[in-house]
Amino acid sequence: MTDKGEKTAVRGLEGVIASETRIGMVDGVNGKLYYAGYEIDELAEQVSFEEVVFLLWHDRLPAEKELLAFRDQLVREMTLPPALQDWFRRIPADLHPMVVLRSAVSDLALFDPEAADNSAAATQRKAIRLVAKIPTIIAGIHRMRQGLDLPAPDLSQGIAFNFLRMFLGSDPSPYDAETMDLVLVLHADHGFNASTFSARVTASTLADIYGAVTSAIATLQGPLHGGANQRVMEMLTEIGDSGDVADYIDGLLAQGKRIMGFGHRVYKVQDPRARHLRKRAGQVCREDEGCTYFKMSETIEEKTLQEKGIYPNVDFYSATVQHALGIPVAYYTTVFAVSRIAGWSAHVMEQLADNRLIRPRAQFTGKYPRKFTPRSQRPEGGEK
């Protein structure tokens, strides 16, 4: 039973328009992704991650001098509070990096005197700190778990270069830095995905941006969202142990199990981001093991498309690319967060600029009204 005029519930809110945005658009029917009106195929390998952040925040691409000043502003914010670094050394080494990242981002609010200031200017300053510090947090977790120091950022370079520098402990090659930059560009925004929607819901309560991003990171961790790229590499590793791609995929299909990294709630055709990552994965598989995983991935893609008619999504080849860059599998989803903070922060700022509390309703399916029974009169085993 429903209230008069109430519409039928939509599972997963699929297809429901929850708000308006000028930040990005996903055209799932035609396999197109747009950042502030620019098609991703025009931006990929043409712009830097910093340009994308600027675009999503300001609705335009920066001029050269603006970009250099913006990049400098970001990189100068990449250092972490010493107390946070000390905490990394004390936490259990078996905690998943996404759990640590979630807590660390929440803790950043403790060190920011503007944390509770939701004005547009303060929120943008905090967004700059988040874009800058999330990659350093991830590098710090990794380095300190190994008992190693965290290198300082190189102020002459951008986010992608400095993330790899701090994470791996040495300067990356220009090509590896370019590859990481491409990964960050391709993951920066994707409409009202689960983590972005979570950030906007939290921001709509007028919670601060640290709370909104913490909520988004918690959502991203799920294997049906950002956690899928970790599952892809785990799948490739399992196949490597058995040595037979076809048998492995046939076994999953026979059991009705999902093949990680395939299919998408929105795209009805190929995910355009996967196309760019497939090309880059083939280019970076320099070592034998890396090429083995890439060739496995191509075979899986061919067989899954033939058997199920579904295409790989952004997670599938993202795993192969990150492996080639030397990033351990447990950190794959955190790299997603390094990029998606661009979109999360843009959406938080957009939400706060014209805020209305996001408060949907649920369709009640239980029995009502029910007659109350005093405790002394309730039968053994509960009410029927």
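This is a predicted model: local features need pLDDT of at least 70, side-chain atom pairs count only at pLDDT 80 or more; totals for chains, interfaces and linings use all residues.
View 1. Because E307 and K303 lie four residues apart in helix α14 (residues 288-308), about one helical turn separates them. K303 is buried, with a relative accessible area of 15%, whereas E307 counts as partly exposed at 43% relative accessibility. Elsewhere, salt bridges that share partners join D112, E114, R125 and R129 into one network.

**View 2. The salt bridge between E45 and R280.** The closest N and O atoms of E45 and R280 are 2.9 Å apart in this salt bridge, which links distant parts of the chain, the two residues being 235 residues apart. E45 sits in the loop between α1 (40-43) and α2 (49-58), while R280 belongs to helix α13 (residues 272-284). E45 is partly exposed, with a relative accessible area of 38%, but R280 is buried, with a relative accessible area of 2%.

**View 3. The packing of helices α7 and α8.** Helix α7 (residues 159-168) packs against helix α8 (residues 174-187) at an angle of about 115°, and their axes are 8 Å apart; the two helices are therefore roughly perpendicular to each other. The crossing in which α7 passes α8 is right-handed. A salt bridge joins the side chains of R165 and D171 (2.6 Å, N to O), and D171 is partly exposed, with a relative accessible area of 43%.

**View 4. A nonpolar surface patch.** V10, L13 and V16 make a nonpolar surface patch of about 240 Å². L13 is found in the segment before β1 (24-27) and, at 47% relative accessibility, counts as partly exposed.

How values were computed
Residues are numbered from 1 along each chain as its sequence is written. Side-chain values use heavy atoms; hydrogens and water are left out. Patches are made of residues with over 30% relative accessible area and no salt bridge: like charges are joined within 9 Å, nonpolar side chains (Val, Leu, Ile, Met, Phe, Trp, Tyr) within 5 Å. Accessible areas come from the Shrake-Rupley method with a 1.4 Å probe; for residues, only the protein chains shown count as cover. A salt bridge is a side-chain nitrogen of Lys or Arg within 4 Å of a carboxyl oxygen of Asp or Glu. Buried means under 20% relative accessible area, exposed over 50%, partly exposed in between (1.4 Å probe, protein chains only). Axes are lines fitted to C-alpha atoms, for helices over the stretch in contact, and angles run from 0 to 180 degrees between N-to-C directions. Angles under 35 degrees count as roughly parallel, over 145 as roughly antiparallel, 65 to 115 as roughly perpendicular and the rest as oblique. A crossing is left-handed if the near helix is turned anticlockwise from the far one by less than a right angle, and right-handed if clockwise.
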